[in-house]
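Here are my notes on this model, point by point. Please read them with the structure open.

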Amino acid sequence: MRDGATALASGQSETTIEVALPGRSYAIVIGEGLVASTGRRIASALPGARCAVVSDRNVAALYLAPVKASLDQHGLFLGEAVVNPGEASKSFAVLAPLCESLLELGVERGDCIVALGGGVIGDLAGFAASILRRGVRVVQVPTTLLAQVDSAIGGKTGIDTRQGKNLIGTFHQPSLVLADTGVLSTLAPREFRAGYAEVVKYGLLGDAAFFAWLEQNWAEVFSGEGGARRHAVEIGAHAKAKIVEQDEREESGTRALLNLGHTFGHALEAYAGYSDRLLHGEAIAIGMRLAFPFSAELGLCPEGDAARVERHLAAVGLPTKIAAIPGTKPMPEELLRLMAQDKKVKGGKLAFVLVHGIGAAFVERDVPLPRLTEFLAKECGRR
Ligand SMILES: NC(=O)c1ccc[n+]([C@@H]2O[C@H](COP(=O)([O-])OP(=O)(O)OC[C@H]3O[C@@H](n4cnc5c(N)ncnc54)[C@H](O)[C@@H]3O)[C@@H](O)[C@H]2O)c1
């Protein structure tokens, strides 16, 4: 991976990152105030496509009006479908009426769905677009930090079932991604912080210089002062785009690196019941932190790197320990069982993203289970 801190020139009013894929390349445009030009940008990227906007109630209250006005200005607005905010909307129960509403609005093969919201809306609306009339195009307008650097890019769509998260879905690349960094100012601080965990992930998995930059500049990323926030979004989106270009369908292993912290994290999320008790990004923060000392115990990673990761995550206020989850604490056996249910199990073996150090993640397909059990027992007891 390129050294993210120097990969992009900053200072322009907007930045465009190309995701180059055979027959389905698209642009990620990043800048302040982009939502007001949604209509012009879609008219130019997808000539002739009319738009149905899918959003959640929170985001619609803040940003549907400017998006609608901009689409109307270009005669592109078909209507909107607004669902309840929250992970529960990624379900068959919400998907079915959503698809019917979109058909009622008159969405045709050549039209597009505009997914206006965070990762929940991006995954749900992207999935609906991929099955509606056997596939219509989708434009992602991500409104959370997590969605701008991660979920809106790369074409993974889907919903949850009681068997687990994201087990039903498709690969359906967007035709355009509009990441308006201005909308992040209305995000709840806890949601921003959770999304920041995914930003840190890019440093930890392949870009040590970016991690060092975050250690120095995180306060400006959070405050939104200067260009630091935008720079962090650009580097994150760029890193995701390059990984997707190399391994669109998670076949060669490169895309699997994005799961750094996720095997632990998904188990913790499942344990906490996918609730406000532990947000996705918070679970990933704990999971990434765990991946470092676990790698160190296996003799793969310097102890000093593990300490540095914990220091940074704690400095920004992210949880780093299993004990930080409010309420009853999980038993190690329970976490192991939940880990085994994750999609990352192949032929009975647990694939894990481990690290040789900060910026040097790799996929280990044969993690020694006794060592993992011993490690989890220690971590579950750690305060
Ligand atoms: N497809 C992928 O590649 C991928 C990658 C990572 C995560 N995900 C998925 O993303 C989802 C999590 O996404 P998320 O963290 O964005 O959560 P989210 O979509 O639930 O948004 C978080 C909350 O913030 C509100 N919100 C969104 N934008 C806002 C804004 N600008 N101002 C004020 N409030 C705003 C939402 O209404 C919601 O209440 C999970 O379902 C996860 O599985 C998908």
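1. Start with V183. A polar backbone atom of this residue sits 3.0 Å from a nitrogen atom of the ligand. Keep in mind that the model is predicted.

2. In T143 the side chain takes part: one of its N or O atoms is 2.8 Å from a ligand nitrogen. In V120 the backbone takes part: an N or O atom there lies 3.1 Å from an oxygen atom of the ligand.

3. How much of the ligand's accessible area does the protein cover? The ligand has 880 Å² on its own, and the protein covers 88% of that.

4. Several elements give two or more residues to the shell around the ligand: α3 (57–73), α5 (119–131), α6 (145–151) and β8 (164–171). The largest share comes from α3, with four residues.

5. The ligand is surrounded by 25 residues. D56, E87, T143, T144 and T186 are the closest. By class, the shell holds nine charged, eight polar and eight nonpolar residues.

6. Now follow α3 to its contact with another helix. α2 (residues 38–45) has an axis that comes within 7 Å of the α3 axis, and the two cross at roughly 50 degrees. Angles from 65 to 115 degrees would count as roughly perpendicular, and those under 35 as roughly parallel. The pair is therefore oblique.

7. Which residues make this contact? From α2 come T38, G39, R40 and I42; from α3 come V67, S70 and L71. The contact has three nonpolar, three polar and one charged residues.

How values were computed:
Residues are numbered from 1 along each chain as its sequence is written. This is a predicted model: local features need pLDDT of at least 70, side-chain atom pairs count only at pLDDT 80 or more; totals for chains, interfaces and linings use all residues. Side-chain values use heavy atoms; hydrogens and water are left out. A residue is near a molecule or strand if one of its heavy atoms lies within 4 Å of it. A polar contact is a pair of N or O atoms within 3.5 Å; within protein, one must be able to donate a hydrogen and the other to accept it, and residues adjacent in sequence count only if both atoms are side-chain atoms. Accessible areas come from the Shrake-Rupley method with a 1.4 Å probe; for residues, only the protein chains shown count as cover. Ala, Val, Leu, Ile, Met, Phe, Trp, Tyr, Cys and Pro count as nonpolar, Asp, Glu, Lys and Arg as charged, and the others, Gly among them, as polar. Axes are lines fitted to C-alpha atoms, for helices over the stretch in contact, and angles run from 0 to 180 degrees between N-to-C directions. Angles under 35 degrees count as roughly parallel, over 145 as roughly antiparallel, 65 to 115 as roughly perpendicular and the rest as oblique. Contact means heavy atoms within 4.5 Å.
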